[in-house]
Amino acid sequence: MGEWSSQRVEQMAPDGAAVKAAQSVARPAKWKSLGCTDRLAWGECQGSGKDPYQVRVDLVDVTYKCSCPSRKLPCKHALGLLLLFADGKSVPAGSPPAFVEEWSANRARRAEAKQKKEAEPAATAPDPEAKAKRVEKRENRIGAGLEQLEAWLADIVSQGLAAARAQPPAFWAQMSARLVDAQAPGLANRVELLGDHALASARWQPQLLRSLGELQLLIDAYRNLEGLPPALASEVRTMIGWPQSQDELRERAGVRDIWQVVGRRQTQDQKLRVQQTWLRGTRGGQLAKVLEFAAGPVPLPVSYTLGQMVDAEMVYFDGCPPLRTLEKLRHGLEPRRLAMAGATDIAGMQTTYATALAENPWMGRAPNMLGPVNPVIEADRLFLCDSAQRRIAVAEGFGHAWALLALAGSDSLQLFGEWDGLEFDPLTIECRGAWYTPAQLATLPILSRVA
Amino acid sequence: MGADISPFARLAAIATLGTRRAPLPKESPWPDDSLAPAGAEPATRETCLLRAAAAGAIWERAGTRAGQGAAPLPRDFPAQAGRELDEFAGWRLTRILGGEYPYLLTEWFEAAAATGRPLPPHWLPMVLDHVAPEVRAGFPTVLGPVAAWLAGRNSRWLVAPAGEELSDARWQEGSLEERRLLLAAIRKRDRARSLEWLRSTWESDAPEAREAFLGLLTADLAADDEPFLEPVLDDKRKPVRLAAADALARLPESAHARRMLARLEPLIEFEAASGGMLAKLRKRKLRIELPTAPDKAALRDGIEAKPPASRKIGERAFWLSQLVAMVPPSHWCRRFDCDAQTFLDAVLATDYASELLGALTQATVRHPQGEWSQALTRAWMASTQETTEVLAALHDLAMTGSPAERATLLEQILRDTKPANASYISHVLDAAELQWNATITQLAMDHLAGIVASAKENWSHSRNSLDAWARRCDIDIGAHRAAALLDKYGDGHCWRNALEQFNDIVAFRAAMHKELTK
């Protein structure tokens, strides 16, 4: 059970205050009882009330339950218990008491019921005729939405980008809302981003024009869906906003491999927190991306940690190239490995990207293993140079330029990150046999070694 | 590149103006002629432009060449000697810098320096960005040679060069902040050169700079500073003059100090003993004469003629107290062959007791001496009224002297505690900037236990009211005693919150030291 470190626990916390609160609870003296098995950990923590809070954690599925009324999840008691567990000596092995047994049995029962339900889909199969009607209705709406969008784009070009830049945020938000009504949420998101591009400081003209052009291209492509290669056609449908049914995907055969977790990024928009995790198949060498979402106070799941080796069957969503996956079946975990394989030099990365761009012109950022490269800072910008004397810029948003320089010294680096054709955005850095990743601690951006 | 504008750039220029104003170009808008048929289908000018722009953007992105240029390997990158500090030490430091117990920063650095190990280099930019230069300059081993290397490449970061030559040019040209660091560094190595530096720019230095430099000199004065300081008594600005007078007064052998003593000497004398026996010194009275108006020379030496409006004191008593505040208190013990307590008792029996108590306190701050600190602290603690003046004096005395002297003072006070002056104890404990040894911690915790046991407040003390204690106490004893108090006094007790915070800080410190030695 050595996979738990205090860093991993801190990453689970919804915010810094929760880490602090958890640390004050993570003292054996605060607990009336503590215990663990291979799979479960539990304890009773004396809070301000009369009865102690009963805390239980499933260490494998990473789920938890606590009898405290906290709305911040995981609560400080669950985190505190995990911190104690992570130090490896405070929580003794034992047999679970009744309140843990009950919870664990309940969970097992629910999981079984869910599996059973999934096993018999026929009973509730939707009426195909009604479904076809719904699809047709949606197609009509999207068609109308595309026409509105095309006219709106033409109007912007006719009035001039400079005039569009002077528009208030509502200008972009309104068109975006109309596309939501037209049931094309993918397009709506793209239009929403246009407003940001218009207000970006440097190079806003080419940025905005490129995004407008891509939208026109998307309109053209959707109208000509039958003429496109199947993979690209489904990519276009996804970009418009058609979902792919995860239930259907689960029916497909997946790719079984030992997947190494090579990168992770968490982002947040107004409503949702999104966690992207990149895996690399150690046998096949293919990359896969897993998206996870959380809203409100619910924390992002901790299904993967960097360097973890997951023996699993992953199913790819349709795409061009296919990249997004879901985990269909996990067979187990293998010992962690902090070594990157499959890195290419700069020319290799550019060739791969250009080839992919030829197949999918909307290709934005593409994941890549890059190395060996050396960092260099010139005029306050960070660049990466390879042994063939090529150099590329690192994304300006990457706030760890100097840390990277100090880390590398006179050694070279291997990086996992995203390349958008112009800039590289590092997510995981390998140097002298250790991995490093950008993180944030107490509002300060740090580059920290993966423990 | 150059004059050859790409089709995409041309389209961007047109689109910025708008097709209403700018005509489409005569040249093909497509990045390559082979693409032109794709645009053949009928469409408005605007749609045409957008399609060609999309193609152009893709064309450029797919074909962008990487820049050429050898990676200049940093050959001068310094080798990090020996073992580095643990990664978690960096996390802990970040938490401190991020605002969690910021007052533990110095303790972190001192404990880190004690290991002799440097931080792993990838933490250094964060440290250089967020730790004040005067703090990090004191810990070159923690920053290691890589920090100086980085600072050489980023002008935002100023690292006082640890082993390198200090540059005359930087002294002449640097910012005030940089010059202060340089001066502090050169003082440690070559005092004569530090004075040469000061003389070389003194005429053109601004009054603020002069004051700052004099402040630095005062921190470690020696007789060789006198020739530099004496002429500064004639400076145009009063704060500069006063700073120089203060520095000179701290040099007991200086001409300035001798002049002061000469002025004061005739004014204070014990009355002749009636029996003529020296043994009766203890009961004799001190006769004090007030000085006449300060002459030009006295004014030059830093005596002020008018008392500040806020002080209720006669002019002549004010002059007297200024003279007393300049002279080392040990002088009186020598002159009258008595101990500090005896002289102080005699002073307190005079008509000028309160003025001279303050003056002797100032004198002790200038010329620290354990015996005097203790006698004066006891005298102040005997005051029945807790005025700001009393608290300020206790504060100053608690900050005075070597750490060993301060520790003795604290121990003494803690042992002498009487219920009447219990509230002063907390104040002195708060004020004395000192890490407590085991004895002081035990005594302080006894004191705290007493306060907590007798507390009857029906409101809660603020969470951070014991912060200063928690960051100074001996970790093991503090943790042990706090746990006992927490067990005894449950929720709802008015000290509960403060005790919990105390406990958290001590635990944080314990973890911090553990990581640093890992």
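How many residues of domain 2 of chain B are in contact with residues of domain 4 of chain B? I looked this up and found eleven residues of domain 2 touching nine residues of domain 4, where contact means that the C-beta atoms, placed from the backbone, lie within 7 Å.

**Basis.** I noted that this is a predicted model, in which local features need pLDDT of at least 70 and side-chain atom pairs count only at pLDDT 80 or more, while totals for chains, interfaces and linings use all residues. Residues are numbered from 1 along each chain as its sequence is written, and chains are lettered from A and ligands numbered from 1 in the order in which they are written. For chain B I read a mean pLDDT (the predictor's confidence in each residue, from 0 to 100) of 86, with 93% of its residues at 70 or more. The scores for the model are ipTM 0.76 and pTM 0.75.

**Domains of chain B.** The assignment, whose bounds come from an automatic or database source, lists domain 1 (7-62), domain 2 (87-247), domain 3 (252-367) and domain 4 (435-518). I then checked domains 2 and 4 of chain B, and their C-alpha centres lie 34 Å apart. On the side of domain 2 that touches domain 4, helices H3 (87-97) and H4 (105-115) of chain B each give two or more residues, and H4(B) has the largest share with five. Helices (H or I, at least four residues) and strands (E, at least two) are DSSP runs, numbered from the N terminus. By class, that side of domain 2 holds eight nonpolar, one polar and two charged residues; Ala, Val, Leu, Ile, Met, Phe, Trp, Tyr, Cys and Pro count as nonpolar, Asp, Glu, Lys and Arg as charged, and the others, Gly among them, as polar.

**Between the chains.** I next turned to the interface, which takes 53 residues from chain B and 55 residues from chain A. Among the elements of chain B that each supply at least two residues are H1 (7-17), H2 (45-63) and H27 (496-516), and H2(B) gives the largest share, eleven residues. The side of chain B that touches chain A comprises 28 nonpolar, 14 polar and eleven charged residues. Strand E12 (390-394) of chain A also pairs with E1(B) in the antiparallel sense over two bridges, pairing being called when DSSP finds at least two bridges, and A:Arg390 has B:Gln68 as its bridge partner.

**A hairpin in chain A.** Finally, I followed strands E3 (53-58) and E4 (63-66) of chain A, which run antiparallel and are joined by four bridges, with A:Arg56 opposite A:Lys65. Four residues lie between these strands, and A:Val62 takes a positive phi near 55° in this hairpin.

Technical notes:
Two residues are in contact if their C-beta atoms, placed from the backbone, lie within 7 Å.
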